[in-house]
Amino acid sequence: MTGHDHEPGHGHGHGHGHGHGHGPADPEACREAVPPGTGTGQTLLLDTYSGIAGDMTVAALVDLGVPFEVVEDAVAAIGLSGVTLELRRVLAGAVSALSFRVVVRSEQSERSYREIDARLSAAPLAPEVARLARRIFRRLAEAEARVHGIDVGSVHFHEVGAVDAIADVVGAAAAFAYLDARVVSTPLPMGRGTVVCRHGPLPLPAPATVECLKGVPTLDAGIDAELVTPTGAAIVSTVAQEFVRWPRFAPTRVGWGAGSTKLEDRPNALRAVLGQPFACTDETVGSTHVVVEATVDDLTGELAAHTLGALLAAGARDAWTVPITMKKGRPGLILAALATQANADAICEVMLRESSTIGVRRLPITRVERPRRTFEVQTRFGPISIKSSEGPFGPPQLKPEFDACVRAAAEAGVPVREVVAEALAVARGQHAG
């Protein structure tokens, strides 16, 4: 039989065990879920200290907060018969992690890449999920084709291995799409030794794994075990936009996905970390923002207010005036605006055009800021957007969108402060939960 020799997800380090049960065996398996799009504007790190496999990826993302129903619904849309998804909370070393398994309860037929791709294309999946799943499978099939010297369309995935790979890839694609984060990964650790597959022994890392990882940073893990499976390699090489030791970000959520085999020198788990990126504040690296300012003694109150509005409309992060006493005892103002490096020229132009000043100063500065995100809460006055300023600086600062509160208060005929208070209470309750 030509085609797929090494069944994805069945290596020494990460093979699926075929247990029994329907759905999560442990009612406490899943942590609190996050809303869709939680990762928008954030970075999702796949920390592959112990490698990566398809099942570990799904488990880590669910543990991070993706609802398990997202994975179940996506896999159900493919129409695989005789298959149950199992989720359990286990210990990977001393770390609490989730274990995701595809339990096959009926005989499965061999599936070609063409058949799998056609099934993914026709399934009632969200477009972004189908696109990502097809890209991952294409990468896996191309790797297998290169290993065996055959056409991509001739690649076959054997029985149980095909079902595992489909469920892992589709479930992972649905979870990544749900979070909508920028994905990065650490360099991948390569185990050594051999793995016994359907057609005999193969060297580790498996040939298809290496083919999937062309152009991806790898390193010697110093252990005889399969740490990166072909499916895991296809997933990470498709979704990761960058490979780094650790990104510059403030972690907000963490999930752990367990492998099935005990490793002697490390917990066998993939760590997924979601975090808010932030600008470098090291002064040796350079400034991040610019303060543009001018001193004026002939600017009327009306013109000062108009200029502040024009600066904010032009993209200033903030704008203000400060009363001062100038030469000859004249009362005056400092007119100032905070701009990004990229927008500083535009802010200078607005200040020179709209105010009475004949010159401005540019002061390079660095800024430390809380990472921010926006989410929506449901109140009895309707949905209200909440701005959450987070990061490693103490409890988050929550602030309802005031204009939304004003509109809701007008429609309900209640004071604005009542809407603000309820929105804050709901937001704090969700965050505490």
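Is Cys348 buried or exposed? Select Cys348 and you will find that it counts as buried, at 8% relative accessibility, where buried means under 20% relative accessible area, exposed over 50% and partly exposed in between, with a 1.4 Å probe and protein chains only. This is a predicted model, in which local features need pLDDT of at least 70 and side-chain atom pairs count only at pLDDT 80 or more, while totals for chains, interfaces and linings use all residues. Residues are numbered from 1 along each chain as its sequence is written, and side-chain values use heavy atoms, with hydrogens and water left out.

Select Cys212 next, which is also buried, with a relative accessible area of 0%. The count of disulfides, meaning pairs of cysteine sulfur atoms within 2.5 Å, comes to zero.

Now move to the sheet by selecting 372-379, 382-389 and 397-400, which are β18, β19 and β20, strands being DSSP runs of E with at least two residues, numbered from the N terminus. These three strands form an open sheet in the order β18-β19-β20, with antiparallel pairing, where two strands pair if DSSP finds at least two bridges between them. Strands β18 and β20 stand at the edges, each with a single partner strand, so one side of each is left without a neighbour in the sheet.

Definitions and conventions: Helices (H or I, at least four residues) and strands (E, at least two) are DSSP runs, numbered from the N terminus.
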